[in-house]
Structures are given as C-alpha cells and as structure tokens.
Amino acid sequence: MKKLPLGIQTFEEIRSKDYVYVDKTEIIYRLVSEGKIYFLSRPRRFGKSLLISTLDALFSGRKDLFEGLYIYDRWDWSRRHPVLRIDWTLISFSTPDEMETNLTGYLKRIAQTCQITLTASAASGCFDELIMLLHDKTGRKVVLLIDEYDKPVTSRLFKPDLQDVRRAVHDFYQVIKGADQYLEFIFITGVSKFSGLSVFSALNNLTDITLDRRYAAICGYTQEELEGNFPEYVDGAAEYQGKTREWILDRIRYWYNGYTWDGQTAVYNPFSTMHFFRVKLFSAYWFHTGTPTFLMDIICRRNNPEIVTEGVTVDDSVFQGYEPSNIGEIPVLFQTGYLTIKAMHLDDEGEPSYTLDIPNMEITRAFMRHLLLAYGKYPDEQHVDNLRKTMERQIKACDEAGLARSLEAMTGAVPYEIGKTDEAWYHSILMIWMRMLGFKVYGEAPNNRGRADLVWEQPGLTVVAEIKYDPQKPLPTLLHAAMKQIHERRYYNRYLGKVILLGIAFSGKNTGCKMELRNDEN
C-alpha cells in the first residue's frame, strides 16, 4: 500500500519514495499545450505547491519521474528549459525593508546554485538579471513559476504598512513584462486576485484559469480519483469504524467533498481527506490549520451571518481584481475556501451569476462553531459542542420540553453586556446554531401567504420556525401568536414528508418554544 504524502509538496519525493500520487498530468498537458501565461487561485493547502513542483520537474526534463503517468508518452522530453521557481512561503518578513532584504538574498541563493553571479542590489534588479542570465547561460527560454504570489499582501491586510508592501511587490512583478522575450512559460498561483500589483495589468496575455471548467479538477480529488487512488485507506477506515465501505464513502463525501470552481465539478479537500485516512476519524483538519478570526469579526460587526448560513448569489464582478485595502468579506470567504461555487446561472444575455455556499460539513460545523463563539461571546467551546449534540437530538425527536431547556441554555450563556435587545439578534444566533447542526437554513422563506421567519432542512426533515420577541409580553402569549401565524399563513404547505412546526419566543430573560409534528406526504 502506497504511503500518504502528508506534508509533502515535492513531486520528486512523492514519485521516488512510493507515495500516493493522484495523476493530474492530463490536465497539465492541456495547460502547457494551450497557452503561455496562467494564473490559478485556490485556497491554502489545496495542492498548488505540488502542481508547481510537477511543472518544475516537467520542464526540467525529469522523464524518470513521470513513468506510468498520462503525460509520459505524450511529452517532448527534449523540451528542457531552465526553471526559476519563486516560493513566497520561504521568504519571511515583518516589514517592507525586511521583505526587500530577504527577497534579494533568496534570489541570490538561487543564482548561486545555477553558478550565476548577480550584481544588482535591489530585489527587482536581481529578478530581472537572473531571468536574463539563465537564458543566456542555457540558450533556452526560462520557465517562471511563482507560488503564493500574493502572500506579502495577504499577510499585511489591515496592517498600516499595507500600501508600502503593495508598492514593493508591484515594482518586483513589473520586471516580468520587460522580460517577456526570455520567458517560455509562466505559471502563478495565489489565493487572491489583487489589483494594482502589476501581475494582471502588465501581463496582457495572462489567462486566469481559476473558474475555467477545463481546469476545475487541477487541484483536489474528484470522486473517481479518491476511490481509484485510496481504496485500501477507504477499506481501512470502514473496518476501523465498523461500517460498510459505502457508508464510509458517503461520510467522507459529506465531510470533505463539495468544493467547485465551475458549479459542476466537485472535488475533495486533499489535506483533510488524507488526514482522515491517517486517523480514520472525522474532524475539521484543514479548518484548524488557519481559523479566519478577522472574518468572524467582520461578520459580527456587520451583523450579516446569512452570508454563511444561507449562502449568497453574486455576479461575475466578485471574482475580478480586488483592491487590497478595501476587500469585502464575500470575496475573501470565497478565495480562502470557506465559500465555494455551488451553481452557475446564465441570464438571457448569457452573463453568469454564481450561488456561493459553504462547501461541506467540515467547514459548516467548524466555521459556525467559531462564529458562535465570536458572535455570542459564549464562555467556552465545550458548552457549544455539548449543546449542539443535545439540540440536534431534541429537534429530530420533536422534544418540546428538552428543546425549550436548550434554547434557554443557548441564550442564557451569552453575556448580558453584548446587548440581546432585538429580534434580529435572535434570528442571527438561531441561524448560526441550526447551520452548525447540519441544517440548510433559509431566512424569510416565502409561500403564497407570507414569509416564515426561518426554515431549516435536512434530508427527510423540515423545520418551519416563527420567532417572537417582546420583553413586555409573557411567553405563552408570544408562543400562541407564533403558532397561530404559522397555521394561518400555512408556511408548511410547500414541504413534504416530516415537517416540524416550531414557535420560539423570547421575553426578557425568558425563552420558550412550542412544537408540532406534521407528516404530510401530499
């Protein structure tokens, strides 16, 4: 059984030391055959560095590493080029001056390994000189691979020196335009597509393949790739958990699949999938490597949790270049992997719009949990985890008394000083809780007689909820009004199967609920 390449991003090491390699060379062959200058955005730890390493080996003529892969018999192995690879994750800095110093040193170390001497003192000058001298020394055009091109900017977002870093990065990338005659192929990866960095403005023929359906599976694993490359690991997890193979495959899909960049081709998060195969337990492995605290703060401050609880529909402009100092939460959530494209729609003029939503259960559960801690200021994470499991059981069992106690605990644990003063706050906190429980959440869900406050859906179960808030009225009065409104306006008439009608009331410090179960198959 081949080993899992956890933490290994070098193509040579994976291929030479019997690690699992999911063959992406058919897509790579198309990429290198059709164009010259590319940009790809994908979230962190999604395989961008391995892709860069594979391109490095390909253009370096490492034929031995590609034996048995799609590209092996199709590539012209006499097509060798010097490769200049810049990996921003290896360049540390805390100030613009430190970035300049470390980047210059980084380029000079690359030059030394190529037996080239650089005379320039500035990073941009070293970059320009290195490209030209590599070309002159070998007599061949240079392949330029830049990994995490935007790291200097993303690491300084919301910092006072952002504009200084941006100017320095702009000057550095400006070199590429003037060096075109020396360059054979350019591939740039990153998370964000920032404007004003000269990458997109200077490279007139750059092709952004981020949303291109032909490259939708260039990073991550498709269902076919997962089952074809990890069969022993799937069977091992099934045996460990005492489940069938089909059950394990379904749960892996539920937890780690669901990322799409074309609205159709779903891929698994490779980082979390491999960690699951190693441990054989479901957990938010990828999420916990980088919790987006600043995004939590923005969502709480603007009181718009529906972006992540309900999803959002956006037009094409969301995926264009962004001003680093004024980037909104939706682009950041998409680029960083907390939202993904679930569907693409074309209007009558053929212009696209996109439905964005959370990709899978890993992100749903972990993101909502952290958002609750930020939004509700709960005292500890264990309180949230325990209450989540309890509430899920109570809702599915239509346990009115138990759910009333849980709702009391849900709001009672929130510090008084955060100001639970209106119905909107209770709407928001309930939406976050229910999404964390695995429900698809709809606010203001319409029918032909009005709009229900909240509708929560899971396969085989729909909860139609009406919320009443009035610190002056007693709970029984508010609960009666909530249930009466649900029945009079028949909010449930569009849903089949098991439907729970739920009235929730908040009166001062008191919380209560009323539940009714319907089983309407017609």
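**Reading a helix residue, a helix and a pocket**

Guide: Ile-363 has its place in helix H16. The model is predicted.

Visitor: Is Ile-363 buried or exposed, and why?

Guide: Buried means under 20% relative accessible area. Ile-363 has a relative accessible area of 0%, so this residue is buried.

Visitor: Which residues does Ile-363 touch, leaving out those up to four places away in sequence?

Guide: Ile-363 touches Tyr-259, Trp-286, Phe-287, Gly-337, Tyr-338, Ile-358 and Met-368. As for Val-22, it lies 341 residues from Ile-363 in sequence, and the two C-alpha atoms are 24 Å apart in space.

Visitor: How is a pocket found?

Guide: A probe the size of a water molecule is rolled over the atoms, and this shows where empty space is left. Here, the second largest pocket has a volume of about 370 Å³.

Visitor: How many residues line the second largest pocket, and which lie nearest its centre?

Guide: The lining has 15 residues, and Tyr-254, Arg-435, Gly-438, Phe-439 and Lys-440 lie nearest the centre of this pocket. Helix H16 and strand E10 (450–458) each supply at least two residues of that lining. Sorted by class, the lining of the second largest pocket has six nonpolar, four polar and five charged residues.

Visitor: Which residues of helix H10 are buried, and what do they pack against?

Guide: In H10, residues 231–241, the buried ones are Tyr-233, Val-234, Gly-236, Ala-237 and Ala-238. The buried residues of H10 pack against helix H11 (245–256) and helix H12 (270–279).

Conventions
Residues numbered from 1 in each chain as written. Predicted model: local features only at pLDDT ≥ 70, side-chain atom pairs only at ≥ 80, totals over all residues. Heavy atoms only, no water. Buried < 20%, exposed > 50% of the residue type's maximum accessible area, 1.4 Å probe, protein only. Helix = DSSP H or I, 4+ residues; strand = E, 2+ residues; numbered from the N terminus. Contact = heavy atoms within 4.5 Å. 1 Å grid on protein atoms, 1.4 Å probe; cavity = no way out; pocket = protein on both sides within 12 Å on 5 of 7 lines; lining within 4 Å. Points joined across faces, edges and corners; volume = space filled by probe spheres on them. Nonpolar A, V, L, I, M, F, W, Y, C, P; charged D, E, K, R; others polar.
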